[in-house]
Each structure stands twice: as C-alpha cells, then as structure tokens.
Amino acid sequence: MSNSLAGLYYEGDHYPVNDGETVLDALLRQGVDARYSCRSGLCQVCVLQCPEGEIPASAQQGLSPVQQAQNYFMACRCAPLGSMKILPVGADALSCNAEVIAKEWLRKDILQLKLAAEIDWRAGQYLTLWKDDQVGRSYSIASLPEDGYLECHIKVLEDGAFSAWASGTLTPGSNMRVQGPMGLCFYTDTSGGSQPLLLCAIGTGLAPILGVVRDALNQGHKGPVDLVLGARTSEDFYGVDVLNTMAESHENLTVHWVSQDDSQALAKGNVYHYVEAKFGGLQGYGVYLCGAENFVRKMKKQCFLQGAGMSNIHADSFISGR
Amino acid sequence: MSVYERIGGEPAMNAAVDIFYRKVLSDDRIAHFFDTVDMEAQHAKQKAFLTMAFGGPNSYTGKDMREAHKHMNLTEEHFNAVAECLVGTLEDLSVPQSEIDEIVGIAVSVKDDVLNR
C-alpha cells in the first residue's frame, strides 16, 4: 500500500517507498548515495538510525543490544511498516580504530593483514573493514585473541573497491576503521571436546575455518577433527605448510586436500563427492562450513542429508560486495 | 500427555524436525520447492508447525499457512507427499498409531489453507 503520508524522512527530504521495497532500495532508487555492501543483513555497512517510526525486528537482527536500543537498523533488511524518520550514522559510531601491524602475501592474490584493535572476538567471526566513509567490506578472522592481533585473508580483485585499495595502499602503521565482530560461526562445544568435527572450506573460506580449528585445538578438543579443503587446482591451495605442521603436532587433526586437477595426487575430485564418500553418516558431528555462497548452501544441505543435525551445522557464507 | 511432551518437549523437537525435513528434501515430489529457501529459516517454520501439530505451545494461525503457500500452486499430490513425510517421522519416533492419526488429522485441518481453496 502506498500512502502519501508514509515514506521516509531523510536529511530534510521525503522519499516515498514502493510496495515491497526496502529502505535501501527506496533511497538508492531516488538518487541518495546510501552506502551498502552485502545487501543480505550481514555486513552492517548500511546501518542507519530511526528516531521516529517503527523498526521491523528483522531489520535489527544481529545488531548489539546497545545498537538496537539506539534505534539502529539495517536499511537493506527494512521493509517499512509505516513512515520513518531516518538519520545517517557516522562510520565512527559503528566502528573503532585499527592499526595495520603486518601485511604479507599468502598467494599471489590473497593478502594477509594483521591488525591491532581494541575489540574482543572469537576466531571465525568477521569484521567489516572500512576503506573510507562509503566503502566497507567484510572479512573473517583467522586468529585467536591470544595471538594478540586480528588476522584477515583478503582476496584481491583487480577492480575490488576495497581489496585493490588494501593491496596498493595499506602498509604497517596504516590506520583504518573496523566494525564488529559479527557472526556466529565460531567453535562451540557441548560434548566435553569429544564430538567429531568436520570443517570444510574453499578459497579464503579457509580463514575462519583455520581460526575455528585453532580455537578447538587450543581449548583441548580431543575428538577427531577433519579439515577438508577444496580447490579447482592444487596451485590454488594456500597455508599448506601451516596446516600440515598443525596436523603433525595434533594427532586428532587430519587435513584433506581435495583438488579437481590431477597434477598432484592429493585427492582428486570435488569436495561434495569426497565428503559423501569419506564420511558416510554425519550424525553427532559438529560441522563448520565457509566460503562462497553457493558452496556453503550446497554443502550445508548435503551434510544435513548425510545426518548432521541442523543445530550442529555452523555456516558462514561469503557474500561479495554488490 | 501430548506427543510433544512424550517425545521430550522442546529439546526433542530439533531432532524431530531434522528427521521430517530430511524426508521432505529427499522426496522427489516436493524437494524442488525447497531449492532456493534458506534452510535455517525453513527449519524454524517447520518446527513451529510441528510444535503445534504435536500439541506443544504455539501461536500458529491458518492465515500464515495460506499466505505462505498460495503462490506455489500446490496440488493434492504435494500435500499428500508432505503428510507421508510426517507419518514417516512419527513412525521413526515410535509414536503410537492412534496419536499418529490424531496428528495427521491436525495436518489435514490446514489442507485447504495450504492448497489455497
């Protein structure tokens, strides 16, 4: 229903909202330079504030209690229930300062950034890193708080609004704003550390998965931990030495390298077939999945059908900035 | 004692929904309807429905059922497929036949809503 009295009041102007539109859609359609990234309610780049008007619950899901109490909401997730007065939220209000302490290449196109920032996190959660007031992108945390730094693996795209800048401009000593931590894909245990774990990742999905594995082992997890990594070609794998060393010093950790080419006889095939053949029934397993959206969706369903309980599957999809 | 209480209440519902949802996703007559849905969201909705059907605490309304399904042009065959998955789930949980019949009765009571008739 469209009502000329409904709509958005933003920075002195009125913006009508069409049926089925979100606040973000409506603002962008009418030429407002609203910032956004994932458009899926995950990155919190599009957060705005609504001092007057009703905020649907789904538009606040994932925001902290303090943020919710301040009437912050995600514009991409907000289908207005009535008219809303809206204010921008400064990136500063959502984020804190981080300093780059190290920058290395893990693969010719994957940058490892180590950051120092005053936040608490669990390995496997993610942050939104801000290039400036407009461009923010989400990256998972591979390190533990004990390490003393936040570690992110950034896939650098030639035309990447954030990644190209990070690759070319950031150096140790650079400062940037970071927002978070967000996300629920971190190690949780209700089995006294005995549950078998299956972790599966492709690409830079390795970052949070590496964090979860280290967290589990650090907390004394004794059950079998199987880490399955998939890639198109064996050249795509990274972090190989780190992981193989970890597997050597932890009896219960097995790393499976599954590539689709046969240049190296690691394990040929695709991860889906490999997991199906190698793991049979997944009843009682804790399953952790990270990587591109399609991979996570497909693997989640497969693991569920192989017997893993829905509440035991922890999945983190990488949704690219759009 | 309701089926909900007999199987163990809320903690047991997750396992019951897992069983039901796996059957649904493995049934060729209806699996395709779930291809693009968010699995966790779907799981939660099924849990809400099954909690109601098993006699647990709920706020389920028929209106939700109609709204949720009306754009899908569902047929008797689709409905029956889901009902079969439900019966199979109850059998797996060793629920006695008389209570299975009762729960199927509850499912049938929302048939017109689901089929938008």
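Modeller: One term before the fold: a contact here means heavy atoms within 4.5 Å. Also, this is a predicted model.

Colleague: Fine. In chain A, what share of the contacts with a separation of 6 or more comes from residues 24 or more positions apart?

Modeller: Such pairs account for 67% of them.

Colleague: And how many helices and strands does chain A have?

Modeller: Eight helices and 16 strands.

Colleague: What are the spans of the C-alpha trace along its principal axes?

Modeller: About 65 × 45 × 35 Å for chain A. The radius of gyration is 21 Å. A compact globule of 322 residues would have a value near 20 Å, so chain A agrees with that.

Colleague: How much of chain A counts as buried?

Modeller: 52% of its 322 residues.

Colleague: Let's change topic. How many residues are in contact between chain A and chain B?

Modeller: Ten from chain A and nine from chain B. The area buried between the two chains is about 980 Å². Carbon and sulfur atoms give 62% of that area.

Colleague: What does A:Lys301 meet in a salt bridge?

Modeller: The side chain of B:Asp35, at 3.6 Å from N to O.

Colleague: Which helix gives the largest share of the chain A side?

Modeller: Helix H8 of chain A, residues 293-305, with five residues. By type, the chain A side that touches chain B divides into five nonpolar, two polar and three charged residues.

Colleague: Now a single residue. Where is A:Asp109 found?

Modeller: In a loop of chain A, between strand S6 (96-107) and strand S7 (110-117).

Colleague: Does A:Asp109 count as buried or exposed, and why?

Modeller: Buried, because its relative accessibility is 19% and the cut-off for buried is under 20%.

Colleague: What does the A:Asp109 side chain make a polar contact with?

Modeller: The side chain of A:Arg107, at 2.8 Å.

Colleague: And which residues does A:Asp109 touch, not counting those up to four places away in sequence?

Modeller: A:Ile154, A:Lys155 and A:Val156.

Note on methods
Residues are numbered from 1 along each chain as its sequence is written. Chains are lettered from A and ligands numbered from 1 in the order in which they are written. This is a predicted model: local features need pLDDT of at least 70, side-chain atom pairs count only at pLDDT 80 or more; totals for chains, interfaces and linings use all residues. Side-chain values use heavy atoms; hydrogens and water are left out. Buried area is the accessible area (1.4 Å probe) that two parts lose on being put together, summed over both. A salt bridge is a side-chain nitrogen of Lys or Arg within 4 Å of a carboxyl oxygen of Asp or Glu. Helices (H or I, at least four residues) and strands (E, at least two) are DSSP runs, numbered from the N terminus. Ala, Val, Leu, Ile, Met, Phe, Trp, Tyr, Cys and Pro count as nonpolar, Asp, Glu, Lys and Arg as charged, and the others, Gly among them, as polar. The radius of gyration is taken over C-alpha atoms; the globule rule is 2.2 Å times the number of residues to the power 0.38. Buried means under 20% relative accessible area, exposed over 50%, partly exposed in between (1.4 Å probe, protein chains only). A polar contact is a pair of N or O atoms within 3.5 Å; within protein, one must be able to donate a hydrogen and the other to accept it, and residues adjacent in sequence count only if both atoms are side-chain atoms.
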